[in-house]
Amino acid sequence: MLLFQGNSMQLARSSFGLFLRNFSASKTALPVLTLFTKDPCPLCDEAKEALKPYKHRFILQEVNITLPENSAWYERYKFDIPVFHLNGQFLMMHRVNTSKLEKQLLKLEEQSAGG
């Protein structure tokens, strides 16, 4: 029997949650939409609201560009957030372009269904 205390329990929970999310993603083959953001970012909050109708069609991954490990992204996007990448490829910046998002999601879904 394993016993967890304090931070160890939190770490175990977050690790297990990450495992489940990755396992689920691999089974459903959902694309990853990466949001490059910082706190605060009112435009990012607005963008996340605009994405809600599409949330079942991708996995949203947020990257806080102000964290030290994300300094390269900070240098690249410090004046342009929110910025979105879809499956690692630049998609859009500043505001959500729903027609562009829809077009790219459909393209990926067709590829996934055909392959």
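## Contacts and an aromatic cluster

Among contacts in the protein (heavy atoms within 4.5 Å) between residues at least 6 apart in sequence, 64% join residues at least 24 apart. This is a predicted model: local features need pLDDT of at least 70, side-chain atom pairs count only at pLDDT 80 or more, and totals for chains, interfaces and linings use all residues. Residues are numbered from 1 along each chain as its sequence is written, and side-chain values use heavy atoms, leaving out hydrogens and water.

The protein has four helices and four strands. Helices (H or I, at least four residues) and strands (E, at least two) are DSSP runs, numbered from the N terminus. Their order from the N terminus is α-β-α-β-α-β-β-α. Of the 115 residues, 26% are buried. Buried means under 20% relative accessible area, exposed over 50%, partly exposed in between (1.4 Å probe, protein chains only).

The whole structure holds three aromatic pairs. Rings of Phe, Tyr and Trp (its six-membered ring) pair if their centres lie within 6.5 Å; planes under 30 degrees apart count as stacked, over 60 as edge-to-face and the rest as tilted.

Phe-36 lies in strand β1 and Tyr-77 in helix α3 (residues 71-77), so their pair ties together parts 41 residues apart in sequence. Both residues, Phe-36 and Tyr-77, are buried. Trp-73 is partly exposed, at 28% relative accessibility. Phe-36, Trp-73 and Tyr-77 form one aromatic cluster.
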